[in-house]
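Here is a short tour of one protein model. Keep the sequence and the 3D view open while reading.

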Amino acid sequence: APADEVGAAGKVVLWHTFTEEQETSLQEIAAAYMAENKGVEIVVQSQPYEGFLDKVYNAVRTGGGPSFIINFSSEAAKYIDATDPEKTFVIDYAQHMTAEQLDAFKASLAGKLYDEAIGYEDGKLHSIPIYTSGPIFFYNKTMYDELGLKVPTTWAELESNSRAIKEKYGIPGFAADSLTDTAQILMMQNGSPYIDVANKKVVIDDPKAVERIQWLGDLMKEEVFATIPQTSQYFSSDFNAKLLASYLGSVAGYKYLEPDGFELGVAPTIMDGAAKWYPAWNRSAVAFKHGEEADQATVDFIRYLTNPENSVKFAIAVGSLTPYKEATELQAYKDYLAKGDLMSTSLNAVQATLEYAEVLPIVSVSATVRNELQRAVERVATGEATAEVALKDAAEAANKEWTAQ
């Protein structure tokens, strides 16, 4: 390959859609790496957010594109053919590590993060975690205090609080920024199965899932829970404007909270049911094949990017948590989480439940299952279907697509 192209010896290209502050952090890490590794060029390239993943997909499929991106690990599934390695476009990191390095990598990750990194249909190591986050409970502490309500630790308490809010203030007591993720939390905490990988079958129509989805949909139908945001794309704006008393949303949402004349409360996601289950929202390095030498250069840089010091540096730039045990022991990270500001309070609310972080299987129809699950909840909320019918239809649609592949 020509020297200015991805795939050229010693050239690693990262495409990203991060903010200026986050890009600066990446550029500093890249500069430090180049200073230590003469002859290697790391190119950090900002891309438009709109259509980003399609642009990556089309470029990679035609032999071009970046060396790697930082995204959900499920993104790698689009580039994997479990039956034909020649048609798999993403790097298997394990092939570029010694046995000792692989063992050290496994041991360095918190919780079930390694399971997610290999949770693909071919069982190979196609993602390396970069930073982690998750949903937390934001609530109007002023309203809660006025009604003498406690932060809910069960779903029944959330319902009871939300009914009290609705009665007193005439607004919904709760909303879910991501219906899909909230539905998954409810289902998995109730002990429901999700995808049967061995038999290639989506099983979200299980009775344990039906029970919880009916509950969620009914409360949305009653408007005890909100269905869609009124003032913008996310519920943070409605919450700021006192049109909503609480919501479950990404920890990153703290940046958008400007309470209008009320005190804000932050708490961990509810843990209540047959199983303790929390969604791991990890962004990972997904790297693309460009030839043996180029791939090794990419893997070497990603390993540098995820060393304890750099992991902390970038996690702080993003406003998230590090997935690496050693990194959590560094003083800079401890100071970051001990600030006592809204950001650190929010991150500690994620940290409180991170030990229960679990991952769902990543299969070729994972995105379809997510979409179908959201649609199922919406159908229950509008009264178009019962949860039993809506989830049966959702599972059938996903299974039909899977069978056709």
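## Around Thr322

Leaving aside residues up to four places away in sequence, Thr322 touches Thr132, Ser311, Ala315, Ala327, Thr328 and Tyr333. This is a predicted model. Thr322 sits in the loop between helix H11 (308-318) and H12.

Is Thr322 buried or exposed? Its relative accessibility is 4%, so Thr322 counts as buried. Tyr131 is 191 residues away from Thr322 along the chain, yet their C-alpha atoms are separated by 5.0 Å.

## Helix H3 and its two sides

Helix H3 covers residues 99-108, and its buried residues are Leu102, Phe105 and Ser108. These three span an arc of only 130 degrees around the axis, so they lie on the same side of H3. An α-helix has 3.6 residues a turn, so residues three or four places apart point the same way.

The other side of H3 has exposed residues, Ala99 and Glu100. What covers the buried residues of H3? The cover includes helix H4 (113-117), strand E4 (128-133) and helix H12 (325-328).

## Helix H14

The buried residues of H14 (residues 342-351) are Met343, Ser344, Ser346, Leu347, Ala349 and Val350.

## Where H8 meets H16

Helix H8 (residues 207-221) packs against helix H16 (residues 387-404). The angle is about 120 degrees, and the axes are 9 Å apart. That angle makes H8 oblique to H16. The crossing of the two helices is right-handed.

Which residues make the contact? From H8 come Ala209, Val210, Ile213 and Gln214. From H16 come Ala387, Glu388 and Leu391. Sorted by class, the contact of H8 with H16 holds five nonpolar residues, one polar and one charged.

## Two loop residues with positive phi

Glu223 is not a glycine, but its phi is positive, at about 65 degrees. Glu223 lies in the loop between H8 and helix H9 (235-240). With 49% relative accessibility, Glu223 counts as partly exposed.

Lys242 also has a positive phi, near 60 degrees, and is a residue other than glycine. Its place is the loop between H9 and strand E9 (246-250). Lys242 has a relative accessible area of 36%, so Lys242 is partly exposed.

Methods. Residues numbered from 1 in each chain as written. Predicted model: local features only at pLDDT ≥ 70, side-chain atom pairs only at ≥ 80, totals over all residues. Heavy atoms only, no water. Axes fitted to C-alpha atoms, helices over the stretch in contact; angles between N-to-C directions. Helix = DSSP H or I, 4+ residues; strand = E, 2+ residues; numbered from the N terminus. Parallel < 35°, antiparallel > 145°, perpendicular 65-115°, else oblique. Left-handed = near helix turned anticlockwise from the far one by under 90°. Contact = heavy atoms within 4.5 Å. Nonpolar A, V, L, I, M, F, W, Y, C, P; charged D, E, K, R; others polar. Buried < 20%, exposed > 50% of the residue type's maximum accessible area, 1.4 Å probe, protein only. Arc of directions from axis to C-beta.
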